[in-house]
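Dear colleague,

Please find below the structure that I am handing over to you.

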Amino acid sequence: MVAGPENGGPAAALIVAAGSGERLGAGGPKALVPLAGRAMFEYSLEACQEAESIGPIVIAVPPDRIEAFRKLVGQSPVRLTAGGATRSQSVAAGLALIDTELVVVHDAARPLVTSSLIDEAVAALRSTAGL
């Protein structure tokens, strides 16, 4: 299903990428760890960009790594925000920038998400919410 004005408009995606990577032992944010030649978060970003149901995309990132993420997203119309010390603080920071009724929240450390899975989740949410 393609989200449009007739069915409530597009959903937003919030990618939470502000984790320190401490448990992974990466020496930096897990979302920036290279995976098959790309930063881990880029796979989630690509899936969100390809999902037909997604409009705005926000990424919550470590406050001291905003420029590193900005370089990787390039000219993409993605909004970056400083994440918090906890996942819930990072989600709250991202949600503060989103002005849509439906939001998909995805962890950047889960790079195997697909655009079709995102679209299915949005369709299920719309159906459940009666939208």
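Are Phe41 and Phe69 buried or exposed? Phe41 is buried, and Phe69 is buried as well; buried means under 20% relative accessible area, exposed over 50%, and partly exposed in between, with a 1.4 Å probe and protein chains only.

Before the details, a word on the basis of these values. This is a predicted model, in which local features need pLDDT of at least 70 and side-chain atom pairs count only at pLDDT 80 or more, while totals for chains, interfaces and linings use all residues. Residues are numbered from 1 along each chain as its sequence is written, and side-chain values use heavy atoms, with hydrogens and water left out.

Overall fold

The chain contains four helices and six strands; helices (H or I, at least four residues) and strands (E, at least two) are DSSP runs, numbered from the N terminus. Along the sequence, these elements follow the pattern β-β-β-α-β-α-β-α-β-α. Of the 131 residues in the chain, 44% are buried. Among contacts between residues at least 6 apart in sequence, 64% join residues at least 24 apart, where contact means heavy atoms within 4.5 Å.

The sheet and the helices on it

An open sheet is formed by four strands in the order β5-β4-β1-β6, with parallel pairing; two strands pair if DSSP finds at least two bridges between them. The edges are taken by β5 (79-82) and β6 (103-107), each with a single partner strand, so one side of each has no neighbour in the sheet. From one strand to the next, the twist averages 25°.

β1 and β4 run parallel and are joined by five bridges; Leu14 has Val58 in β4 as its bridge partner. Between β4 and β5 there are four bridges, also in the parallel sense. Here Ile59 stands opposite Leu80 in β5, and Val61 has Ala82 in β5 as its bridge partner. Six of the eight residues of β4 are buried, so this strand is largely enclosed by the rest of the structure.

Helix α1 lies across β1, β4 and β6 and runs at about 160° to β4. Helix α3 (residues 87-95) also packs on the sheet, where it touches β1, β4, β5 and β6, and its direction makes about 145° with that of β1. For these angles, axes are lines fitted to C-alpha atoms, for helices over the stretch in contact, and angles run from 0 to 180 degrees between N-to-C directions.

Eight of the 11 residues of α1 are buried, so this helix is largely enclosed by the rest of the structure. Among the buried residues of α1 are Phe41, Tyr43, Leu45 and Cys48.

The aromatic pair and the core

How many aromatic pairs does a search of the whole structure find? The search finds one. Rings of Phe, Tyr and Trp (its six-membered ring) pair if their centres lie within 6.5 Å; planes under 30 degrees apart count as stacked, over 60 as edge-to-face and the rest as tilted. The ring centres of Phe41 and Phe69 are 4.8 Å apart and the planes are at 50°, so this pair is tilted. Phe41 belongs to helix α1 (residues 40-50) and Phe69 to helix α2 (residues 66-73), so the pair ties together parts that are 28 residues apart in sequence.

The largest nonpolar core has 26 residues, and those with the most contacts inside it are Phe41, Leu45, Ile54, Ile57, Ile59 and Phe69. A nonpolar core is a set of buried Ala, Val, Leu, Ile, Met, Phe, Trp, Tyr and Cys residues joined through side-chain atoms within 4.5 Å. Two or more residues of this core come from each of β1 (11-16), α1, β4 (54-61), α2 and α4 (115-129). Another core, of seven residues, lies apart from it and includes Ala12, Val58, Ala60 and Ile98.

Leaving aside neighbours within four places in sequence, Phe41 is in contact with residues including Ile59, Phe69, Leu72 and Ala108. Ala108 is found in the loop between β6 and α4 and, at 0% relative accessibility, counts as buried.

A residue to check by eye

Ala36 has a phi near 50°, a positive value in a residue other than glycine. Ala36 is placed in the loop between β2 (34-35) and β3 (38-39), and is exposed, with a relative accessible area of 73%.

With kind regards
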